[in-house]
Amino acid sequence: RVSVAREIKTARTPGSVIVISAPSGSGKSTLVKRLMASVPGLVFSVSYTTRPRRRGERHGKDYFFVSREQFGRMVAAKEFVEWADVHGQWYGTSEQQIRKAQQAGKDVLLDIDVQGHHQVRRRLPDAVSIFLLPPSFRELERRLRQRHSDAPEVIRRRLQNARREITRWREYDFLVVNNRLSSALRSLQAVVEAIRVRRQAQQQRAQEIQKTFVGGKYE
């Protein structure tokens with residue numbers, strides 16, 4: 001017979017959905033990679049897209065590459081928690097993929113923009129969100145130019161988008177300023193740990209523990 005203590009220890013608590021958004025150039029991609037590498041039990045949500053596969057990309061690893069027809073069918077079937085047209089190509093996040101990871105006890109990280117975050121909060125109200133901010137507009141501009149990967153007009157567009165996106169910080173649960181990469185990473189790690197001990201995340205375990213207090217005798 002399995003003891004109550006053993007049942008509590010092996011009970012699987014569904015994972016949480018964690019959204020992270022940031023203006024382009026805020027260091028989000030680097031921080032997400034380091035967060036994934038440093039926090040066990042955290043999985044990255046792989047998006048669906050209609051854009052062509054680039055050299056070195058793998059289906060199911062970088063993206064799920066699908067046709068426009070298939071993507072359209074998935075939209076019609078409401079299979080996405082969020083989706084958007086980005087520069088003529090469609091991108092979306094599968095609800096089934098998220099639910100599967102959650103049921104396996106994994107916390108799911110979604111790297112999406114502010115529009116996608118708004119959609120996710122409507123479909124998944126229990127999702128927790130983090131907004132990553134640069135320390136200033138001037139520093140964001142410096143980082144974008146220092147990358148030497150975008151044409152001047154692309155940088156101008158990214159900065160214009162950042163001006164709009166930065167006004168949406170009030171819609172997020174946590175705010176992390178990426179002034180120094182190491183301190184921003186520690187903040188993100190702390191946020192994930194805080195999410196894992198929320199009442200919603202721990203209620204199943206708490207209920208199991210509560211059962212051990214029923215019918216007990218005092219020594």
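## Strand pairing, cores and ring contacts

Strand E1 (residues 17-21) and strand E7 (residues 107-111) run parallel and are joined by four bridges. Val17 has Val108 as its bridge partner in E7. This is a predicted model. Its mean pLDDT is 89, and 93% of the residues reach 70 or more. Residues 1-10 need caution: pLDDT stays under 50 there. For that stretch the model has six contacts beyond four places in sequence.

**The sheet**

E1 and E7 belong to an open sheet of five strands. The order is E2-E7-E1-E8-E9, with parallel pairing. Strand E2 (42-44) and strand E9 (174-177) each have a single partner strand, so one side of each is left without a neighbour in the sheet. From one strand to the next, the twist averages 25°. In general, strands of a sheet pair through backbone hydrogen bonds, either parallel or antiparallel.

Helix H5 (residues 114-123) lies across E1, E7 and strand E8 (128-133). Its direction is at about 155° to E1.

Which residues of the largest nonpolar core touch the most other members? They are Ile18, Leu35, Leu109, Ile130 and Leu188, out of 19 residues in that core. E1, helix H2 (28-38), E8 and helix H8 (181-196) each give two or more residues to this core. H8 provides the largest share, six residues.

Beyond four places in sequence, Leu109 touches Ile18, Ile20, Val32, Leu35, Met36, Leu42, Val43, Phe44 and Ser45.

Another core, of 11 residues, lies apart from the largest one. Its members include Val17, Val19, Val81 and Leu110. In soluble globular proteins, nonpolar side chains tend to be buried together.

**Aromatic pairs**

The structure holds nine aromatic pairs. One of them joins Tyr48 and Phe64, and this pair is stacked. The ring centres are 4.7 Å apart, with 25° between the planes. Tyr48 lies in strand E3 (residues 48-49) and Phe64 in strand E4 (residues 64-65), so the pair ties together parts that are 16 residues apart in sequence. Buried or exposed, Tyr48 and Phe64? Both are buried. Ring pairs also link Tyr48 and Phe64 with Phe71, Phe80, Trp83 and Trp90 into a cluster.

**Exposed positions**

The cut-off for exposed is over 50% relative accessible area.

Where does Lys78 lie? Lys78 is in the loop between helix H3 (68-76) and strand E5 (80-86). Its phi is positive, about 55°, although Lys78 is not a glycine. Most residues other than glycine have a negative phi.

Arg164 is found in helix H7 (residues 152-165). How far apart in space are Arg164 and Gln97? From C-alpha to C-alpha, the distance is 30 Å. In sequence, Arg164 and Gln97 are 67 residues apart.

Technical notes. Residues are numbered from 1 along each chain as its sequence is written. This is a predicted model: local features need pLDDT of at least 70, side-chain atom pairs count only at pLDDT 80 or more; totals for chains, interfaces and linings use all residues. Side-chain values use heavy atoms; hydrogens and water are left out. pLDDT is the predictor's confidence in each residue, from 0 to 100. Contact means heavy atoms within 4.5 Å. Two strands pair if DSSP finds at least two bridges between them. Axes are lines fitted to C-alpha atoms, for helices over the stretch in contact, and angles run from 0 to 180 degrees between N-to-C directions. A nonpolar core is a set of buried Ala, Val, Leu, Ile, Met, Phe, Trp, Tyr and Cys residues joined through side-chain atoms within 4.5 Å. Buried means under 20% relative accessible area, exposed over 50%, partly exposed in between (1.4 Å probe, protein chains only). Rings of Phe, Tyr and Trp (its six-membered ring) pair if their centres lie within 6.5 Å; planes under 30 degrees apart count as stacked, over 60 as edge-to-face and the rest as tilted.
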